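Please open the structure in your viewer and keep the selection tool at hand. The tour below moves from one selection to the next and says what is found at each stop.

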Amino acid sequence: MLLLRAWTPARSFARCYSALAQPSSLSPPPAPDRTKAKADWKRRQEGSNFVDTLNLAVVSGRGGAGGVAFHREKFKARGPPSGGPGGAGGSVYLVASPTVTNLSHLPRTVRGGAGSPGGGSWLAGKRGEDVVLRVPVGTIVREVRREPKDEDAAEVEREEREQLEWAYEANKIRLAEAEARDVRWKAWKKRRDKAEKFGNPDDVERWEEVDEIEIDGEKLVALEQLRKALFVMYPQTELEGHPHFLRTEHELLSKLLSREIEMPDPKQRRRRQRRRRNHGQDDDQPLFLDLIKPTPLDQPILLVAGGQPGLGNPSFLTHEDRSPKYATRGGDGEMMRLELEVKSTGEVGLVGLPNAGKSTLLRALTSSTPRVASYAFTTLNPHHGTCILWSDGTFSGPRPSPASAASADITDTPATPEYFSASSHHQSRAERRRQLGPSASAIDSSASERTEVLRFTLTDNPGLVASSSLNVGLGHAFLRHIERCSALVYVVDLSSADPCEAIASLRAELAAYARVKGLAEGELEGRIRGVVANKADLFGAPPPPADEAASADEEEEAPAPPRPSPQDGQRKLADLTEFVRALEADDVARGVRQAGDEPIWVVPVSAMRRENVAALVGKLAGTVRAERERAARRDELAAIEAEEERQRATYERWMPPAPTEPVTEEK
Ligand SMILES: Nc1nc2c(ncn2[C@@H]2O[C@H](COP(=O)(O)OP(=O)(O)OP(=O)(O)O)[C@@H](O)[C@H]2O)c(=O)[nH]1
Ligand SMILES: [Mg+2]
């Protein structure tokens with residue numbers, strides 16, 4: 001009865017609830033991440049379903065029970081046992097995939113399929129379906145454990161253990177009785193057979209069941225409950241005094257006691273934590289994965305293994321027991337709670353204040369189309385683009401835009417660019433090519449001759465504001481994606497009042513964030529490789545109006561404020577370069593940067609008008625090549641170190657230890 005009481009849903013719910021309500025004294029629950037909720041809300045407001053942090057539970061499927069059946073055939077009334085084994089439960093795997101960019105496709109609970117029970121005619125049950133979670137490359141996976149630290153949970157565990165011990169004791173008594181009875185029965189049968197053959201059968205005493213040892217009622221209930229959870233019985237079978245069955249039961253209970261297998265939970269009311277490697281020992285660390293590289297598809301990472309399949313009744317066939325009328329149930333699935341955090345990995349990350357033109361730049365250099373608008377925080381999640389450099393000196397990033405509306409297609413575009421609008425969908429290819437203008441056809445015509453020289457990824461990050469590092473606003477939600485880029489580039493608005501001030505502010509934020517996250521001193525500032533001075537077109541005379549109608553409109557409007565001269569722009573650019581050199585010297589003095597490193601480049605561009613972007617691509621390509629060389633050198637060094645370590649370990653294993661005491665020679 002006690003066992004039943006321990007497993008009633010109401011009780012376990014009350015316990016779970018109190019376990020949640022009472023914070024454990026050892027590990028205080030983390031404060032709710034308000035910034036995350038705010039970031040998600042803001043993204044939803046903008047119509048984006050980008051999710052970069054997620055808590056989810058993964059549960060593997062339960063194994064199917066083995067079948068209990070006997071073969072039936074014409075002229076063969078009592079065939080052999082023919083129950084098939086159950087199907088194994090489905091496991092849950094994890095794969096870091098380059099084709100996934102966020103976690104919005106993942107549900108809160110992921111379940112592996114349950115295995116089907118085995119059938120008659122030796123038919124095995126169907127395997128439960130495996131589930132593969134696909135997460136973006138750059139995802140950090142942490143296992144969250146709610147340890148049953150509080151007294152209530154410990155009490156449940158103690159009760160469970162007690163039930164198991166009682167069941168074990170009851171089974172032991174019954175087994176001893178059954179075995180003794182078996183011996184007596186065999187002796188009695190021998191006597192009776194002899195008497196029937198040679199003498200008077202009435203001389204042999206009647207077979208009498210000897211009174212069995214009385215077992216405590218609670219212990220019997222505990223045994224019955226566990227029996228139900230462990231075995232499937234043939235209909236209308238009474239195996240209470242069956243020695244072979246009791247022996248199998250004894251083996252299973254011993255394994256449960258020594259924690260070789262887990263306690264079953266017949267109704268699946270409670271999910272078990274992931275099985276510890278050392279069965280209940282605390283030395284098994286929670287799972288932690290940092291998926292920097294894509295996982296090979298043939299080597300997915302196993303999170304929780306599916307439950308073991310149950311055995312069919314032929315598995316219990318022995319010389320003594322020719323018709324076993326029982327099979328075992330499948331093992332329970334496991335559960336693991338995970339916390340996923342995506343930190344995008346890009347080769348070059350764009351860092352800048354809001355409205356500096358980072359998204360416009362990404363559109364100009366790659367075929368990625370992040371939203372662009374003249375207000376701050378247009379971008380709320382990172383956007384990636386790939387820039388390809390061809391042998392003829394061109395780069396195939398941007399989709400060529402209609403020449404007549406060169407600027408209109410970039411500024412203040414809706415979320416869906418016109419390239420994807422319904423009208424352009426139904427255009428013929430020739431029609432679209434005509435619309436794209438002569439530049440597109442020039443590139444296309446030489447496409448067969450040119451070859452790809454370099455390909456790199458660029459990441460447009462949300463704009464940073466002062467105190468982002470303190471998680472103000474959507475601070476860390478934005479900064480986390482900068483952490484992983486191997487090279488960083490500042491994007492500043494050259495036409496703003498003080499571009500140097502912008503760089504100083506960005507630099508301070510990066511330094512503070514590195515400090516908050518426990519990164520090395522100057523880790524993020526040290527990754528700055530260049531500065532893009534954007535909006536250089538705002539200096540000097542405005543471009544001529546596109547058509548007459550537009551110029552007529554402008555004449556009616558109030559006169560525009562005077563534009564700064566090209567000389568102003570050059571002066572600002574020189575100041576900016578000087579400021580960057582001073583920062584570089586400071587970095588070298590602090591040891592963040594090496595004196596021989598390539599200098600930080602400063603390139604003026606107009607991302608909107610796509611002017612001087614070719615020069616910028618050249619600089620970015622140089623940076624990417626240098627970074628790749630550096631990474632290759634690092635990998636080489638790590639490989640040499642690992643090899644040295646391996647050789648040292650081998651040497652220590654095979655060489656005799658040095659004598660500790662001086663050996664005295666006998667004379
Ligand atoms: N004149 C001029 N305007 C530009 C240039 N680049 C961007 N802009 C304008 O600047 C505004 C902001 O551009 P975005 O690309 O959205 O800026 P952002 O840095 O991505 O902004 P957030 O996403 O808010 O961080 C838009 O109105 C663009 O049209 C440029 O080279 N010249
Ligand atoms: Mg943007």
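Two strands are said to pair if DSSP finds at least two bridges between them, and the strands themselves (E, at least two residues), like the helices (H or I, at least four residues), are DSSP runs numbered from the N terminus. What you see is a predicted model, in which local features need pLDDT of at least 70, side-chain atom pairs count only at pLDDT 80 or more, and totals for chains, interfaces and linings use all residues. Residues are numbered from 1 along each chain as its sequence is written, while chains are lettered from A and ligands numbered from 1 in the order in which they are written.

**The whole protein**

Begin with everything selected: the protein has 15 helices and 17 strands. Of its 667 residues, 32% count as buried, a residue being buried if 20 or more other C-beta atoms, placed from the backbone, lie within 10 Å of its own, exposed if 12 or fewer do, and partly exposed in between. Among contacts between residues at least 6 apart in sequence, 78% join residues at least 24 apart, where contact requires C-beta atoms, placed from the backbone, within 7 Å.

Select Tyr490 to find its bridge partner in strand 16, Val531. From strand 15 the chain crosses through helix 12 (residues 499-516) to strand 16 in a right-handed β-α-β crossover, meaning that, with the strands pointing away from the viewer, the path from the first strand over the helix to the second runs clockwise.

How many residues of strand 16 (residues 528-534) are buried? The count is 7 of its 7 residues. On to strand 17 (residues 601-604), which runs parallel to strand 16 and is joined to it by 4 bridges; here Ala533 has Pro604 as its bridge partner.

Strand 2 (residues 92-97) and strand 9 pair in the antiparallel sense over 3 bridges, with Val92 opposite Val304 in strand 9.

In the loop between strand 3 (109-111) and strand 4, select Gly115, which is buried, with 31 other C-beta atoms within 10 Å. The C-alpha atoms of Gly115 and Gly307 are separated by 8.2 Å, although the two residues lie 192 apart along the chain.

**The ligand**

Finally, select ligand 1 and the 26 residues around it, of which Gly357, Ser359, Ser374, Thr379 and Gly463 come nearest; a residue is near if its C-beta atom, placed from the backbone, lies within 6 Å. Helix 7 (residues 358-365) gives the largest share of this shell, 3 residues.

How values were computed. Contact = placed C-beta atoms within 7 Å.
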